[in-house]
Amino acid sequence: MEAENYNILLVDDDADDCMFFKDALDELAVNASLRTVNNGEELMNFLVNGINNLPDILFLDFNMPRKTGFECLAEIKLNEKFNQIPVIIFSTSRNPEVMDMLYNKGAKYYIRKPPTFVNLKSVINKAIALCRENKISQPSKEKFVIEP
Amino acid sequence: MKPTSYNNNNLQFLTGGGEISDLIREKDWSKTSLGKIDDWPVSLRTTLGIILHSAFPMFLFWGDDLVCFYNDAFRPSLGIEGKHPAIGKKGMEVWTEIWDFIGPLIDQVMTTAKPVWFENQLVPFYRNGKMEDIYWTFCYSAAYGNDSNVNGVVVTCTETTNTVLTTKKLEESESRLRTMILQAPVCIAIFRGADFITEIANSASLELWGRTEEEVLNKAIFEAMPELIEQGIKEIIHGVFTSGKKFAASDLPVQIIKNGKLETLYINFSFEALYDASGTIDGIMCVGTEVTEQVIVRKKIKESEERFKAMADNIPNLAWMAHPDGWIYWYNKKWYDYTGTTPQQMEGWGWQSVHDEKVLHDVLVNWRNSIEIGKKFEMVFPLKGADGTFRQFLTRVLPVYDEHGRINQWFGTNTDISDQLETSRKIEDNEKKLNAVLKASELGTFKLDLQSYEVDCSERFHEIFGYCNGEKLSHGAFLKHLLPDDVNIRNNAFKQALQTGNLEYQSGISLRDNSIRWIEIKGKIFYDEKNKPISAIGTCRDISKEKNYSKELEEREQKFRLLADSMPQHIWTADPQGNLNYYNKSVFDYSGLSPEQINKEGWIQIVHPDDREKNIKEWIEAVTTGKDFLFEHRFRRHDGTYRWQLSRAIPQKDEKGKIQMWVGTSTDIQEQKSFSDELEKKVKERTAELIQLNESLKKSEERYHLMVKEVQDYAILFLNREGLVENWNEGAEKIKGYTAKEIIGKSFSNFYTEEDRRNQLPKRLLNMALQNGKATQEGWRVRKDGNLFWASVVITAVHNEKKEVIGFSKVTHDLTAKKEADDALKDKQLELEQKNSELQKMNKALQSFAYISSHDLQEPLRKIQTFATRIIEKEKANLSETGKDLFNRMQKAAERMQSLIDDLLAYSHTHSLEGDFEKTNLNAVIEKVVQDLGEEIEQKHAAVHIKGLCEVNIIPFQFQQLFYNLISNSLKFSNPENPLRITIYSEKVTGSKPENQNLHSNTNYFHITVADNGIGFEPQYNEKIFELFQRLHGRNEYPGTGLGLAIVKKIVENHNGIVTAKGEVGKGAIFDIYLPVDSK
């Protein structure tokens, strides 16, 4: 659809989820390349070393060992070099308190990992479209959660 | 004719023509248009001859070229370094710069032959090395040639430059003079002619006259200012005009109309004659200044001086004035009258002759000292009168200063104070006498200045206040000594004194050694002429002794009153004339009247109207005879009833037997009075009562027997002293199993267990009843058949009239059923507690489960679901129908698990948090839920009706969950044949409404009802449906986790509320929620 190649970075420690994401993206007609890292430390290394080739969009799993998604988000937002990368939280939880915290920390969207593949495709597609539409500002709170 | 001879002859006209003639002769004319002189026409020669020989400056333009000639007289006008010599040059070349002006004039004369004349004409031309302004008076006239034609122009001219410039300067200086006059600060005016026409009047004049320029200029002054005619001015000015003698006057009053009214002005002015060139007087110059102010001031000074002198002569004092050096230059008349001296004798320092030689030295020293330092002088010394006697004078001399602050004179007065001295000596004498009197009377005196509140007190006054050794008592200190209770007495007395003029009060004072004294202050207020109080003067008397005595009296009386007031009898006193003047408290209490009421309408109002006449008679009798008063009468009580009183009054007599007062008492004798009646009445009543009692006793005995016999629930038996059964009722037979026959005469210990008998319980109970009159006990008893029963036993000792115990009544109540119930209750409670703790454990477990499920359980479940969808999508074709069905079931199970987890999470999150409460509009909450469920509501054709909802203090998201659960519940359990109607409404109710038995009766509730017309449920499940995981239907019929209503219940309980459900199968379900109004 779009000539522009979209750089997507997925951070998730769960191999199954990584597979689902890749399959979903493959089936979507999106001109995008996906790279995957498996924990917070890898993510930070990836960003620091690949400073000249930063992702256009970052899907960040919330529940990860060692360094949680929340900690990663905080670290990203502190770094001037890549705090403009739109961060989309990817999580199983639907705890409102956690969601508030993430929104206030500067996450752009929140996706609850859906139980069906169809819905997974739908939310990824929506997330990419939304980030393309609105490259900079954080949406209002009501639009924070992307529903399938 | 020979030209030569002719030539010689011809040059005759040049002879004696001066410098210019020589120039003409020497010039070579051959090259000019005129040619050689010898050839010049006679007309030219003749004309030149006239010109050259004239002493008047002349010039000639001749011929077509207007060749220039002029004579010696003209020569100076050309100046040095100018046009000279211009002889023989062409006119146009010589007068280039003015040719524009003279060219046309020359032409005019050449053509018309008429002369042209100018006077003082400015014709500037070049001379003396520059262009100069030159004025001329000149004439151009025609010069004729031989042929009688005009062949040239003769100019006769004289330079008038000097004359013109001089005239101009004169005019300028005249105009300057005029300006000066006009602007001079003094009035200057010039009148011309015998009519005195005003030629000049400067602005100062106009102002003085009060006229404008138009009103006076070029008009006869006496026409312009007619008011002057009658004032002699006209005569004066006329005199000057005729005689030429200058007239000058100063301070002359002149009346002039200014601003429409006649004013008197004082003027210094002069008239001077003005002469014309011929030496005749042709005008008058008037110069003047207005001195009105100065004249008025001078007049005033003079008047005030005269007034002063007149006054000084009229004052009773001797007065005089001296120069700054002390030289006296003036005395008033009184001085001369008193001393009998003359001004000559007194002038300067002559006054020493009327002084006493003994004090003169001191006077001189003081007076000189005053003069030296410029300070006022004040001294008392004697002066000798005309009769030779000396009188004492108070002499005061004050310096008078000029405007520079320098002393310019002294003003002295001598006041005869001999009489005053005499008076003050007398006053002193009087004061001494008064002091002696005051001292003798021990009165202190004071004088209080009412402006400054400074007080001047006598020594005795100080003494009364305990001040000695010259210590001074200030007014403030005085007030502080007053006893606090008496300050008001003093203040009131003072206030009154300011109005009446008399000050009088008594007060206690506290001395510095804390002892108390009593003083009496008496005084008078003195006023100034404006009737303003200025001082209070009076005396202070120590009245401690008297006061203490009267205080004692007062205390005694106080004691008496206290005593009298504490008596229940009425006590009163009267004066010797029989007027009652005191009543004790009892009188007022009894009658309910106030002292004012009794004083106003008299004590007789209390007396019964039937007793009044006799009462008054008896009282008058007693007062007149002095015998004791004794009388029985009825007094009205405050409630309107009358009671009999015995009043007695005894006269109090002094030592001489004279009655001082009456002391009376009135004692209530109502009881005694009516005693016999009452007694009789009571005996009758008692007798009647006894008869009645006997009857009722009989009846009651019958009733008792009947009752005892019939009572079945209680065993009622009578035991003799030894505990043998004497009497047995039906209840006893029923409870214990024995018939009357079987048991009467046997010991009651038969009813006790063996153990109790061994412990001698029956005996102990009887002893207890013997001692205390009663014994109670609960315990197991034995029936006839050997069964045990739980009994409550009361044994009461029965006494005869002599109070001897004749036996015992025994009442036994079978409590077995009650005991069983109680025991069961206890067990139940235990069970409940156990259940509660179990429940708590369960809750805890649930919470930890919820925590686990929120994170760890969800992950694999979600994956199962995702894998399942992947397989269905990708491998659908490879699956058999059975496989697909199984897959479908698996997915359903996973979905159910998912909702279970979600609901459990919601349930476990339902805990109240203080801060989450907020005032919330329920309408808004429900609308949101209805919106969320919109699709389902539409599917089921359901309608949600909301009415009367209001703002409630709740946790909003929990209530959203609550309504979500309830509405989706209704949607789920709707009747497919009946369109679903959900009604939600609320009202305020009190907890005391009978239907709400679980509510607190003194709390107000919001009652929210959610009702539907769905399938309903059986009433026995009213409570069960709120339990965790409770489902009334199979999963396949109605899906659900069984948590929805449990969550509803938990949310309501979180809000301290109550939720109940009412169901009817096929009709619908109603959920009632009660929230306390002040729910927090």
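Modeller: Happy to! Two strands are said to pair if DSSP finds at least two bridges between them. The elements themselves are DSSP runs, numbered from the N terminus: helices are H or I runs of at least four residues, and strands are E runs of at least two. Please keep in mind that this is a predicted model, in which local features need pLDDT of at least 70, side-chain atom pairs count only at pLDDT 80 or more, and totals for chains, interfaces and linings use all residues. Residues are numbered from 1 along each chain as its sequence is written, with chains lettered from A and ligands numbered from 1 in the order in which they are written.

Let us start with strand E20 of chain B, residues 502-510, which pairs antiparallel with strand E21 of chain B, residues 516-527, through nine bridges. To find your place in this pairing, look for Tyr505(B), which sits opposite Ile521(B) of E21(B). Five residues lie between the strands of this hairpin, and Asn514(B) there takes a positive phi near 70°.

Now follow E21(B) to its other partner. Strand E22 of chain B, residues 533-542, runs antiparallel to E21(B) and is joined to it by nine bridges. Here Ile525(B) has Ala536(B) in E22(B) as its bridge partner. E21(B) and E22(B) also form a hairpin, with five residues between them. In that turn, Asn531(B) has a positive phi of about 65°. As a general point for reading side chains, those in a regular strand alternate between the two faces of the sheet.

For the setting, chain B holds 34 helices and 39 strands. Of its 1080 residues, 22% are buried (20 or more other C-beta atoms within 10 Å of the residue's own, with C-beta atoms placed from the backbone).

Chain B has a mean pLDDT of 84, and 94% of its residues reach 70 or more. Within chain B, confidence is highest in strand E1 (residues 58-62), at 91, and lowest in helix H1 (residues 3-10), at a mean of 45. Over residues 1-8 of chain B, pLDDT stays under 50. Where pLDDT is low, the predicted coordinates should not be read in detail. The model scores ipTM 0.78 and pTM 0.31.

Notes:
Buried ≥ 20, exposed ≤ 12 C-beta atoms within 10 Å, placed from the backbone. pLDDT = per-residue confidence, 0-100. Contact = placed C-beta atoms within 7 Å.
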